[in-house]
Amino acid sequence: MNNNKGVSLLGLTMLVISASIGAGIYNASEQLAAVSTPGPALLSWLITGIGIFGLALSLKSLSETNPDLNGMAEYAQAGFGNFVGFISGWGYWLSSWVGSVAFATMMMSAVGYFLPAFRSGNSIPAIVVASIISWLLTFLVINGVENAAFINVFITVIKLIPLAAFVLLGIVMFKAHVFTAHFWQNFTTNFTYTKATPKGIFDQIKGCLITMMWVFVGIEGATMMAGRARKRSDASRATIISFISLLIINVVISMLPYGYLDQAQLAHVSNPALTYVVEDMIGPIGGTLVSISLIITIFGSWLSWTMPPVIATSQMAEKGMLPHWFGHLNHKNSPSHSLFLTQILLQLFLISLAFSDQAYNFAISLCTAAMVICYSLVAAYQIKVGHHHHSFKMMLPGIIALVFEVVGITFAGLQYLWLCSIAYVLGFVFYIKAAKENQRPINKKEWLLMILVTVIAIMAVVELALGKISLS
């Protein structure tokens, strides 16, 4: 495909980097210090890098071997049928917009560094401002996806500058003796502090993986935008370039604080950790600059996450997995119906934050589980394509990615998948309607799977009501 008005290689790369570099990178060092010493944390980065590299190679390979397919829903549909394609696409859409709730909350908490009324992230003023920003982003994308991607390039460049400055500052103030003092040991044998640290290296790695997996959520962004790329080959190139860039950025920024503060201090730093680490290094001016950077960073990530999910639903409508209504494009070639529906649901979630913190935790749980399902199906399809071509070399990236994602969600807690079933039941109504619109009968296997998921979802609701499932 050659579309001079499409998104460029730079735009696609910046889209992925912007989507993946969110608030997580600003708090990763504190989250890692709470569960690990530097040695196991570095091993965890190695494991995560290998797992996500397998996923990135799978996305690249599928984009090249199946140029007629766009995005994860179509990969799952081609590999395993309409219903599995729906599961992947619906989960991706769900994961993306509920993840935006986290962006809203974290952005308001960053504003709270200057205005205490916003510090909780879910106060009435915070929800009002977050809602306004959310609607502005929606109208920006409605006026042209390519225009929004163009703006995102500048936002990404701006937000990378403060992170680069921190890297230089962290290197200058790095203390080797602090970094190596307790490189492998169980920290609780050396200090006493309130945050629990696992006893063995394996447990420390296990604790780290969950944090590390989610700083790479968004790596699929270029693939999701392949149909709107200036050149289709740019999508696969952007995926690999973005992966390498993100791995370097995340490892360096999360590990440098280990060489400035000891683990006990780092584990007790307030959120977002990077703000207060820099504040300790150079004073209040540092905290101010990092807070401003965080606000810009989240804005860019939020914008990036506004685009791919609605494109996913538009693609699903074209393939008959969702009603035609979802695929409606306005005169700017943007899926306006899907955008408005997504924004309305996001708005309801934002309002619910004023009444209960559980809404935020529920959103994060759904985001986690749904995205792992999507990534696992991409990996499974890559294995199938490789098997079809009798090529173990093609299968290997899929095998690595699938093992990594399955192990990751197991460590996170399988109850998240249980909770995710509730959201899928709500989508079955649209799937059935789409089948009727396209005069496609739903087979017995699909009905049985929908019934099974519905039963699981009812059980999850009951367990939630009884307080037997934790949302945190």
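Helices here are DSSP runs of H or I, at least four residues long, numbered from the N terminus. The close-ups come from a predicted model. Three salt bridges are counted in it.

**View 1. Glutamate 64 and lysine 60 pair in helix 3.** Their side chains form a salt bridge, with N to O at 2.8 Å. Helix 3 spans residues 38-65. Glutamate 64 has a relative accessible area of 46% and is partly exposed. Lysine 60 is also partly exposed, at 25%.

**View 2. Aspartate 234 and arginine 237 pair in helix 11.** The closest N and O atoms of this salt bridge are 3.4 Å apart. Helix 11 covers residues 233-255. Here the spacing is three residues, again about one helical turn. Aspartate 234 is buried, with a relative accessible area of 4%; the cut-off for buried is under 20%. Arginine 237 counts as partly exposed, at 40% relative accessibility.

**View 3. Lysine 433 and glutamate 437 pair in helix 18.** A salt bridge joins the two, and its closest N and O atoms lie 2.8 Å apart. Both residues belong to helix 18, which runs over residues 415-437. They are four residues apart, about one turn of the helix. Lysine 433 is partly exposed, with a relative accessible area of 44%. Glutamate 437 is partly exposed too, at 29% relative accessibility.

Note on methods
Residues numbered from 1 in each chain as written. Predicted model: local features only at pLDDT ≥ 70, side-chain atom pairs only at ≥ 80, totals over all residues. Heavy atoms only, no water. Salt bridge = Lys/Arg side-chain N within 4 Å of Asp/Glu carboxyl O. Helix = DSSP H or I, 4+ residues; strand = E, 2+ residues; numbered from the N terminus. Buried < 20%, exposed > 50% of the residue type's maximum accessible area, 1.4 Å probe, protein only.
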